[in-house]
Amino acid sequence: MNTMRIVFFADTHLGFDFPVKPRIERRRRGPDFFDNFHRVLDYARRTRPDFLLHGGDLFFRAKVPQLIVDMVYQDLFEFAGEGIQTLIVPGNHERSILPASLFLSHPNLYVFDKPLSFNFEVRGAQITFSGFPCRRKSVREEFNPLLKASGWENRTDGWKFLCLHQTIEGAQVGPTGYTFRKGQDVIPKRSLPRDAIAVLSGHIHRQQVLGDLEKSQLSVPPVIYPGSIERTSFAEKDERKGFYDIEVERSGRSGWRIGNLEFIDLPARPMKELLLESWLTQEKLVNYIKSKLSEMDPDSIVRLKCDPDYKPGC
Ligand SMILES: [Mn+2]
């Protein structure tokens, strides 16, 4: 085999703002998340990668209404029926366990429900995906034992990927680019296995690549975060949203390299902040908000912020 492709997405947070029995009728954000989830599945159906990988936080929280679980699993079940191997890392919002379902028993669906490795042969090449479900605390200390428990070392040949839902040293979040360095919940860069083609991780909602894709086979592997498929909070208001299409190609007799890494954009609703300043009297307020809103994309999600000096009447 000369090339192999993985479509990699994460943090779909399905079920977010998707009330099964809404008490108030208003435009919800839930359908936007489902739409983007379907866009990724449709892209994969159309372009036929060898693997589809979900990096965790499939659902928006641990306890999800059965209707949502069934909707999501049915989509995954149907997708797996198209013959594309589909792997899922349980995230922290699933409390590291995906809700049980018969749907997940499809032979093309692989869930990292404990530390383990999945081995595949694709056109004559050995491919291994190893990983473990999100470890919420003390992953810094437990990373090495977890990696070992996944069976990482059992295979020394082939193309190996590490699949996670964790924070890795150097990852950045938020409008000011806060960078994770230390902390019990951060995996140090130097702990990452050097024989990995790449570490594929969910959890960090900003899409980013840490390290060098053109790595030599003896250095720390690149870490690829696809980010969330839609904005989950105002901290993500300026971020691009989408997923990665990763192509790995053979290089030399037994080597490999990431031949192409493409970030595919997904539509994301604009997020805007509207500051209510202290000069706004009660009479002026409504017209002020109306005129500001008329200048915005009608799809915008708007957050009103009060000037801290703005006293009663606000
Ligand atoms: Mn998440």
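User: Which conventions apply to the numbering and to the model?

Analyst: Residues are numbered from 1 along each chain as its sequence is written. The model is predicted: local features need pLDDT of at least 70, side-chain atom pairs count only at pLDDT 80 or more, and totals for chains, interfaces and linings use all residues.

User: Is strand β12 largely enclosed or exposed?

Analyst: A residue is buried if 20 or more other C-beta atoms lie within 10 Å of its own, exposed if 12 or fewer, and partly exposed in between, with C-beta atoms placed from the backbone. Helices (H or I, at least four residues) and strands (E, at least two) are DSSP runs, numbered from the N terminus. In β12 (residues 198–202), 5 of the 5 residues are buried, so the strand is largely enclosed by the rest of the structure.

User: Which way do the residues of β12 point?

Analyst: In a regular strand the side chains alternate between the two faces of the sheet. Ala-198, Leu-200 and Gly-202 point one way from β12, while Val-199 and Ser-201 point the other way.

User: Which strands pair with β12?

Analyst: Two strands pair if DSSP finds at least two bridges between them. Strand β7 (residues 159–165) runs parallel to β12 and is joined to it by 5 bridges; here Cys-163 stands opposite Leu-200. Strand β14 (residues 223–225) also pairs with β12 in the parallel sense, over 2 bridges, and Val-223 is the bridge partner of Val-199.

User: Is Ile-24 buried or exposed?

Analyst: Ile-24, in the loop between β1 (3–9) and α1 (30–47), is exposed because 6 other C-beta atoms lie within 10 Å.
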